[in-house]
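Thanks for coming. I have one structure to go through today, and I will take it piece by piece. Please have a look at it before I start.

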Amino acid sequence: MLAAVGLAQEHGAKSSDKEMFLISYESGLQPISINRIHNWVVHVETSDGSPVAGATITLIGGMPDHDHGLPTLPLATRYLGDGDYLVEGMKFHMNGWWQITISITVAGSSDSVTFDLQL
Amino acid sequence: MQFPRKIGAILAITILLVGAALWFMRPPAPGAWTEAEIELLRSLWIGSLPPVPADPGNAVADDARAARLGQRLFFDTRLSANGEVACATCHQPERLFTDGLDVAQGIARGERHTMSIVGAAYSPWMFWDGRKDSLWSQALGPLENPIEHGGNRKQYAEILAADEQYRTEYEAVFGALGGMTDHEPAITQVFVNMGKAIAAYERLLIPADSRFDRYVQALLADDERQFDSILSDDEAAGLRLFIGDAQCINCHNGPLFTNNEFHNTAVLPARGKLPSMGRVAAVRETRADPFNCLGRFSDDPDANCAELRFARTGDDLIGAHKTPSLRNVALTAPYMHAGQMNSLVEIIEQYDRAPLALVGHNEANPLNLSRNERKQLEAFLHTLSSPLATSPEWLAAPTAVR
């Protein structure tokens, strides 16, 4: 409904904290705008570029300046193949600085990455 | 002679520097907006309001015959335990579908302030805590709430079946009413259809443009002479605060001035009442509601229902209540979920101080606005008044109600 103002999103592949994975996301809503529920595709590969299948993905987010989370609880609902996971239920309800933390667990090992978004 | 000349030079430079500093620090001219600000103004403008979103769960959502039936139901006081309470008892068209009371007064005094239903069709969540996920499902709640309408679905179905006009209008939209009155599933289906007709009516209640909107329209059309005359300097300064330092736009965003989500801003409970837990207590209720988006009474079994499926609860939603629209805010006092505040001045002071919350935590931070800035903000809020964009024939009881 609304064009995001001053959009500057960090979404290129980013190394996870312990450098186990390279993670990127693609929003199904372009540009990301507030008050619209939508899906993301999260892509996970190993640091040498091989797609990661069979991972458990969790995603949480919030606005550090306002001390509140996303208005929704997005869930990874489907593995799409080639390291891509469908995450449904993404929604932002304010413009401003958001942080999205994506955690990946494969075979008992976990790592996570945090993306900054300016909406 | 050297000394005074030096002083003169120093004085001149000082005056120049102070002058330059004042020039750079001067408040922007009321009508001077940056590109980013203009985009924010456009996002709030009524011209950015899209068509009412589809409601696949309600097959008659955009059926004019259903809306006419819904209008009749909306104003009918027979749909209550004592024959005196209609939807319009609290949602009064002449008060922009509010009632001017702190809390609703139906069969008994309620707990919640009556929200306006103008523009409600744009919200994924209804009620202050969002416990209903569609307009049609919302309409069913008060009808059977003992302190609101206080009746029951069997009584209402019997009224429809016995009233020739209702029966004709109902059957034209939903098919045969039958002689159902003791058959529970049929009674509930009639009840659900009543909600869907009322929702079809409520979807027509949309705000028209306000002085603020005419200002933005002129600004977007680059009509400087016109837009400068639409808002006073104080109103324009208040608007600048609204989208800037006062941070109101964080939650009051979009053309209806609401994100339709839930926030704790440390509003005190009504006198003598315990704090409301708000959103945190409502999500479970919606999931268990037979009239929710995933339930069998939805007309779209394949509906995505993403808002419901991915609804969240959590500590940051303790004491959180829905952001109300600010359109017509100056005409629809009192305010907040239990009508705790009577004036815009009180509200602005609340957000300026941002006190600690009694339950949960206050998301807002202190603003430290000056007295003048608070007045400017209040002046701006008065520019959001407007009539409805809805044709007047919808704004009163239909003439043939008996």
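When I say helix, I mean a DSSP run of H or I with at least four residues, numbered from the N terminus. In those terms, Ile206(B) is found in the loop between helix 8 and helix 9, the latter being residues 211-220 of chain B. I will come back to that residue.

What you are looking at is a predicted model. The predictor gives the complex an ipTM of 0.90 and a pTM of 0.91. For chain B the average pLDDT is 93, and 95% of its residues score at least 70.

Chain B, then. Chain B is divided into domain 1, which is 35-49 + 208-278 + 318-384, and domain 2, which is 64-205. The C-alpha centres of domain 1 and domain 2 of chain B lie 30 Å apart. In the contact between them, domain 1 of chain B supplies 17 residues and domain 2 of chain B supplies 18. On the domain 1 side, the residues touching domain 2 of chain B are seven nonpolar, eight polar and two charged.

Now back to Ile206(B). Is Ile206(B) buried, exposed or partly exposed? Ile206(B) is partly exposed, because it has 18 other C-beta atoms within 10 Å, and a buried residue would need 20 or more. Leaving aside neighbours within four places in sequence, Ile206(B) is in contact with Val118(B), Gly119(B), Leu388(B), Ala389(B) and Thr390(B). The C-alpha atom of Ile206(B) is also 8.9 Å from that of Val52(B), although the two residues are 154 apart along the chain.

The core draws at least three residues from each of domain 1 and domain 2 of chain B. Take Leu41(B) as an example: beyond its neighbours within four places in sequence, Leu41(B) is in contact with Trp33(B), Val216(B), Leu219(B) and Ile243(B).

Over to chain A and its strands. Strand 5 (residues 56-63) and strand 9 (residues 97-106) of chain A run antiparallel and are joined by seven bridges. Within that pair, Leu59(A) has Ile102(A) in strand 9 of chain A as its bridge partner. Strand 9 of chain A is also joined to strand 10 (residues 109-118) of chain A, again antiparallel, by 10 bridges. There, Ile100(A) has Phe115(A) as its bridge partner. Strands 9 and 10 of chain A form a hairpin with two residues between them, and Ala107(A) in the turn has a positive phi of about 50°.

Last, the two chains together. Contact between them involves 21 residues of chain B and 24 residues of chain A. On the chain B side, helix 2 gives the most, with four residues. That side divides into seven nonpolar, seven polar and seven charged residues.

Methods: Residues numbered from 1 in each chain as written. Chains lettered and ligands numbered in written order. Predicted model: local features only at pLDDT ≥ 70, side-chain atom pairs only at ≥ 80, totals over all residues. pLDDT = per-residue confidence, 0-100. Contact = placed C-beta atoms within 7 Å. Nonpolar A, V, L, I, M, F, W, Y, C, P; charged D, E, K, R; others polar. Domains from an automatic or database assignment. Buried ≥ 20, exposed ≤ 12 C-beta atoms within 10 Å, placed from the backbone. Pairing = 2+ DSSP bridges.
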